[in-house]
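Me: Hey, I'm new to this one. Can you walk me through it?

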Amino acid sequence: MIRLQGKYRLTFPVTPAEIQFRGYGNDIESTSTINLLTNNRISGRRPKSISFDFFLPGDTEAPYIEVEGYQGPREWLAGIDRLMGAAVLLTISELDLAWNVLIGPCDGRFVGKNVDYHGSIEFPLFMKDEFVTWSNQTQVLSPSSVIAKQQTARPNTSGKKPKKKNNNESLIAPLQALQRDRIQSKVKGFQP
């Protein structure tokens, strides 16, 4: 049984026989078809999209309808229109798997004397992460912006004190004394 659970819950009335998983593999676009009757599990990477053909019976009393309260294809299609563009949880009970997918448009047509709906639908996987693009050229051309936090100095845990060398004091002291003498001589010249 395949369910769509979001703001509204929508269950496909007849479980499709096959499901196609598109785009998983070693960077090669591929399609894998899984038969739901064999209860296969998917191993490996996640798909990019999930698609399948579905059938909505026009006769609401048909014995193969799996959902209680199924009201017909028009009401079911109105329910998928309410979910259009939303991210929902797609669960496939035969595979014991679930994915967050986006609801897109479904293609199909009404056929037969009971006005059954035969359609196909594809659900792309919904990823909340932002897309990050990386280019070696832009990295080489633009300088890297590194934000460095200033760290406090480590405390002296050895108990030793550094030797202080005051080389600057030996040069500054004679200059200060010379300046002091010049100022005092000018001040004495102005005193009456």
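Predicted model: local features only at pLDDT ≥ 70, side-chain atom pairs only at ≥ 80, totals over all residues.

Me: How many helices and strands does the protein have?
Reply: There are 3 helices and 9 strands. Helices (H or I, at least four residues) and strands (E, at least two) are DSSP runs, numbered from the N terminus. Along the sequence the pattern reads β-β-β-β-β-α-β-β-β-β-α-α.

Me: And what share of the residues is buried?
Reply: Buried residues are 28% of the 192 in the protein. Buried means under 20% relative accessible area, exposed means over 50%, and partly exposed is in between (1.4 Å probe, protein chains only).

Me: What about contacts between residues at least 6 apart in sequence?
Reply: Of those, 57% join residues at least 24 apart. Contact here means heavy atoms within 4.5 Å.

Me: OK, rings next. How many aromatic pairs are there?
Reply: The structure has 8 aromatic pairs. Rings of Phe, Tyr and Trp (its six-membered ring) pair if their centres lie within 6.5 Å; planes under 30 degrees apart are stacked, over 60 edge-to-face, and the rest tilted. One of the pairs is Phe12 with Phe54, which is edge-to-face at 5.4 Å centre to centre and 65° between the planes.

Me: Where do Phe12 and Phe54 lie?
Reply: Phe12 is in the loop between strand E2 (9-11) and strand E3 (18-22), while Phe54 is in strand E5 (residues 49-56), so the pair ties together parts that are 42 residues apart in sequence. Both Phe12 and Phe54 are buried.

Me: Why does the pair of Phe12 and Trp76 count as tilted?
Reply: Because the ring centres of Phe12 and Trp76 are 4.8 Å apart and their planes sit at 50°. This pair also links distant parts of the chain, with Trp76 in helix H1 (residues 73-83), 64 residues from Phe12. Phe12 and Trp76 are both buried.

Me: Which residues form the aromatic cluster?
Reply: Phe12, Phe52, Phe54, Trp76, Phe110, Tyr117 and Phe123 form one cluster.

Me: Which ring does Arg74 lie over?
Reply: Arg74 lies over the face of Phe110, 4.6 Å from the ring centre. Arg82 lies over the face of Tyr8, at 5.2 Å from the ring centre. The cut-off for a charge over a ring is NZ of Lys or CZ of Arg within 6 Å of the ring centre and within 35 degrees of the ring normal.

Me: Back to H1. Which of its residues are buried?
Reply: In H1, the buried residues are Pro73, Trp76, Leu77, Gly79, Ile80 and Leu83. They cover an arc of only 150° around the axis, so they are on the same side of H1. That arc is taken from the directions from the helix axis to the C-beta atoms. On the other side of H1, Arg74, Asp81 and Arg82 are exposed.

Me: What do the buried residues of H1 pack against?
Reply: They pack against strand E1 (2-5), E2, E5, E6, strand E8 (106-111) and strand E9 (116-124). Just after H1, Gly85 takes a positive phi of about 80°.

Me: Switching to strands: how do the side chains go along E7?
Reply: In strand E7 (residues 97-102) they alternate.

Me: How many bridges join E6 to E7?
Reply: Strand E6 (residues 87-92) runs antiparallel to E7, joined by 6 bridges. Two strands pair if DSSP finds at least two bridges between them. Ala87 stands opposite Leu102 in E7. The hairpin of E6 and E7 has 4 residues between the strands, and Asp96 there takes a positive phi near 55°.

Me: Last one: is Ser51 buried or exposed?
Reply: Ser51 counts as buried, because its relative accessibility is 3%. Ser51 is in strand E5. Apart from neighbours within four places in sequence, Ser51 is in contact with Ile19, Gln20, Arg22, Ile121 and Glu122.

Technical notes. Residues numbered from 1 in each chain as written. Heavy atoms only, no water.
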